[in-house]
Amino acid sequence: MNGIARAIDGIIAAVAPQFALKRTAARHKMQILNSGYGNYGANVTKKSLPGWNYAGGSWREDINENLPTLRQRSREIYMGVPTGRAAVNTMRTNVVGRGLMPKPTIDADVLKISPEKAKEFERKIS
């Protein structure tokens, strides 16, 4: 923001503080809308991102020692990137454990039911 705009904002803030807040909020919203990836993973000015070390390391360096930062960034991506949210929701609803897809196989002989009934139960479980 240049000096003239800053001076105008100062005058407006002195005369009409509520309107000045609305102007500031609108300016901030426009800045976010025009930022693209710069507001998320590629941001270099956000307080949580300047020290982002994207070089690989051991599992301990990559995960355990950086867990609070990783959690924060994951939440941010979930809230602000529709593709990130979709990835999390897909994983959460379609997998068990560490990525196993459920595929029930019922032993009809053990349960003493017909094969058709076993298939029906498998479909319901899936």
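Begin by selecting Lys112, which is placed in the loop between α6 (108–111) and α7. Helices here (H or I, at least four residues) and strands (E, at least two) are DSSP runs, numbered from the N terminus. Phi of Lys112 is near 55 degrees, a positive value in a residue other than glycine. Lys112 is exposed, with a relative accessible area of 75%.

Local features need pLDDT of at least 70 and side-chain atom pairs count only at pLDDT 80 or more, while totals for chains, interfaces and linings use all residues; side-chain values use heavy atoms, with hydrogens and water left out.

**The whole chain**

Now display the entire protein chain. Seven helices and zero strands are present, and from the N terminus on the elements run α-α-α-α-α-α-α. Of the 126 residues, 10% are buried. The accessible surface comes to about 10700 Å², and carbon and sulfur atoms account for 61% of that area; such areas come from the Shrake-Rupley method with a 1.4 Å probe, and for residues only the protein chains shown count as cover. Contact means heavy atoms within 4.5 Å. Among contacts between residues at least 6 apart in sequence, 17% join residues at least 24 apart.

Next, colour the chain by pLDDT, the predictor's confidence in each residue, from 0 to 100. The mean for the protein chain is 77, and 67% of its residues reach 70 or more. Confidence is lowest in helix α3 (residues 59–62), at a mean of 68, and highest in α7, at 90. Where pLDDT is low, the predicted coordinates should not be read in detail.

The structure holds four salt bridges, a salt bridge being a side-chain nitrogen of Lys or Arg within 4 Å of a carboxyl oxygen of Asp or Glu. One of them joins the side chains of Arg23 and Asp9, at 2.5 Å from N to O. Because Arg23 lies in helix α2 (residues 17–33) and Asp9 in helix α1 (residues 3–15), this pair ties together parts that are 14 residues apart in sequence.

Asp9 also meets Arg27 in a salt bridge, with 3.0 Å from N to O. This pair links distant parts of the chain, with Asp9 in helix α1 and Arg27 in helix α2, 18 residues apart.

Which of these residues are buried, and which are partly exposed? Asp9 is buried, with a relative accessible area of 14%. Arg23 counts as partly exposed at 28% relative accessibility, and Arg27 is partly exposed at 31%.

**A charge over a ring**

Move on to Arg85 and Tyr78. The charged end of Arg85 sits over the ring of Tyr78, 4.4 Å from its centre. The criterion is that NZ of Lys or CZ of Arg is within 6 Å of the ring centre and within 35 degrees of the ring normal.

**Helix α7**

Finish at helix α7 (residues 115–125), the helix in which Glu120 lies. Select Lys119 and Glu122, whose side chains meet in a salt bridge (3.8 Å, N to O). Being three residues apart in helix α7, Lys119 and Glu122 are separated by about one helical turn. Lys119 is partly exposed, with a relative accessible area of 48%, whereas Glu122 counts as buried at 13%.

Now select Glu120, which counts as partly exposed at 31% relative accessibility. The C-alpha atoms of Glu120 and Ile106 are separated by 9.8 Å, and these two residues are 14 residues apart along the chain.

The last stop is Lys124, also in helix α7. Lys124 is exposed, with a relative accessible area of 61%. How far is its C-alpha atom from that of Pro104? The C-alpha atoms of Lys124 and Pro104, 20 residues apart along the chain, are separated by 9.6 Å.

Technical notes
Residues numbered from 1 in each chain as written. Buried < 20%, exposed > 50% of the residue type's maximum accessible area, 1.4 Å probe, protein only.
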